[in-house]
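Okay, thanks for coming, everyone. Let me put the structure up and then walk you through it.

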Amino acid sequence: MLLFVGLGNPGREYAGNRHNIGFMAVEKIADAHGFSASRARFQGVVREGTIAGERVLALLPQTYMNESGRSVGEALRFHKIALSDVVVFHDELDLAPAKCRVKIGGGAAGHNGLRSIGAHIGQDFKRMRLGIGHPGDKARVHSYVLGDFAKSEEPWVKALCGALADNAALIVKGDDAGLQNKIHLAMDAAGFSAPKRVGEA
């Protein structure tokens, strides 16, 4: 069994936040692959399904971002899931908008969700880094990630989540290079190879 973790904050007021793109991506994957209805478990919301012949548990922690590791650790221990079978989808300030990069292990780079997960289960899990761009000023980061995606950003967010859902079999198979290539091609074809950051002319 694989564990797909979407990072975000629970509640309607956070639903459209840039910080919640992990939630959006995992929900899109679960919807596209006919996962079960959501139910409350492991201090989160879970859905189960099969992708490319493998069982996948989709988890959206409901602990708030900085305590995500409590939820992930609980699910991991209950299902005896290997660290190498954990895939965490999260927003990435250091990637341009609409980009997707896969990374295994490493630090939290200031991301409280990753820091919490690392503290609870160790660092060697896979990260789906979903680029949201940087506001350009460190002082603006907090309000930027907790701000909603602008109307102009919504098309590429939808396209990126859709491309991840369409190519989820590659995530399951561990074909990270193939996945990144497919996402790049899909975003390019949709006209989102280099969307402007909010505020850019």
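First, a term I'll keep using: buried means under 20% relative accessible area, exposed means over 50%, and partly exposed is in between, with a 1.4 Å probe and protein chains only. By that rule Ala98 is buried, because its relative accessible area is 4%.

Some housekeeping before we go on. This is a predicted model, where local features need pLDDT of at least 70 and side-chain atom pairs count only at pLDDT 80 or more, while totals for chains, interfaces and linings use all residues. Residues are numbered from 1 along each chain as its sequence is written, and side-chain values use heavy atoms, with hydrogens and water left out.

Back to Ala98, then. You'll find Ala98 in the loop between strand 5 and strand 6. When I say helix or strand, I mean DSSP runs numbered from the N terminus: H or I with at least four residues for helices, E with at least two for strands. Ala98 isn't a glycine, yet it has a positive phi of about 80°. Ala109 also has a positive phi, about 50° there, and again it is not a glycine. That one sits in the loop between strand 6 and helix 3. Is Ala109 buried or exposed? It counts as exposed, because its relative accessible area is 69%.

Now the inside. A nonpolar core here is a set of buried Ala, Val, Leu, Ile, Met, Phe, Trp, Tyr and Cys residues joined through side-chain atoms within 4.5 Å. The largest one has 41 residues, and those with the most contacts inside it include Phe4, Trp156 and Leu164. There's also a second, separate core of 19 residues, with Leu3, Val72, Ala75 and Val86 among them.

Take Phe4. Contact means heavy atoms within 4.5 Å. Leaving out residues up to four places away in sequence, Phe4 touches a list that includes Val26, Ile29, Leu57, Phe89 and Ile171.

Leu164 is another one to click on. It belongs to helix 5, residues 154-166, and it counts as buried because its relative accessibility is 0%. Beyond its neighbours within four places in sequence, Leu164 is in contact with Ala25, Ile29, Cys100, Leu130, Ile171 and Ile183. From Leu164 to Gln180 it's 16 residues in sequence and 9.5 Å in space, C-alpha to C-alpha.

On a 1 Å grid over the protein atoms alone, a cavity is a set of points where a 1.4 Å probe fits but cannot get out; a pocket is an open set with protein on both sides within 12 Å along at least five of seven lines, and lining residues have an atom within 4 Å of a point. Grid points are joined across faces, edges and corners, and a volume is the space filled by probe spheres set on the points.

How many cavities of 30 Å³ or more does the structure hold? The count is 1, and the largest cavity holds about 60 Å³ of space. Its lining includes Ala98, Cys100, Gln180, Ile183 and Phe192. Helix 7 gives the most to that lining, with 4 residues.

The largest pocket has a volume of about 580 Å³. It is lined by 27 residues, and the closest to its centre are His19, Gly110, His111, Asn112 and Val145. The lining splits into 10 nonpolar, 10 polar and 7 charged, where Ala, Val, Leu, Ile, Met, Phe, Trp, Tyr, Cys and Pro count as nonpolar, Asp, Glu, Lys and Arg as charged, and the others, Gly among them, as polar.

Last stop, salt bridges: a side-chain nitrogen of Lys or Arg within 4 Å of a carboxyl oxygen of Asp or Glu. A search of the whole structure turns up 8. One of them joins Glu153 and Arg18, at 3.0 Å from N to O. Those two are 135 residues apart, with Glu153 in the loop between helix 4 and helix 5 and Arg18 in the loop between strand 1 and helix 1. Both are buried.

Arg129 and Glu92 also meet in a salt bridge, 3.0 Å from N to O. Arg129 is in strand 7 and Glu92 in strand 5, so the pair ties together parts 37 residues apart in sequence. Glu92 and Arg129 are both buried.

And then there's a network of salt bridges linking Arg39, Glu48 and Arg55. Within it, the closest N and O atoms of Glu48 and Arg39 are 3.0 Å apart. Glu48 counts as partly exposed because its relative accessibility is 24%, and Arg39 is partly exposed too, at 39%.
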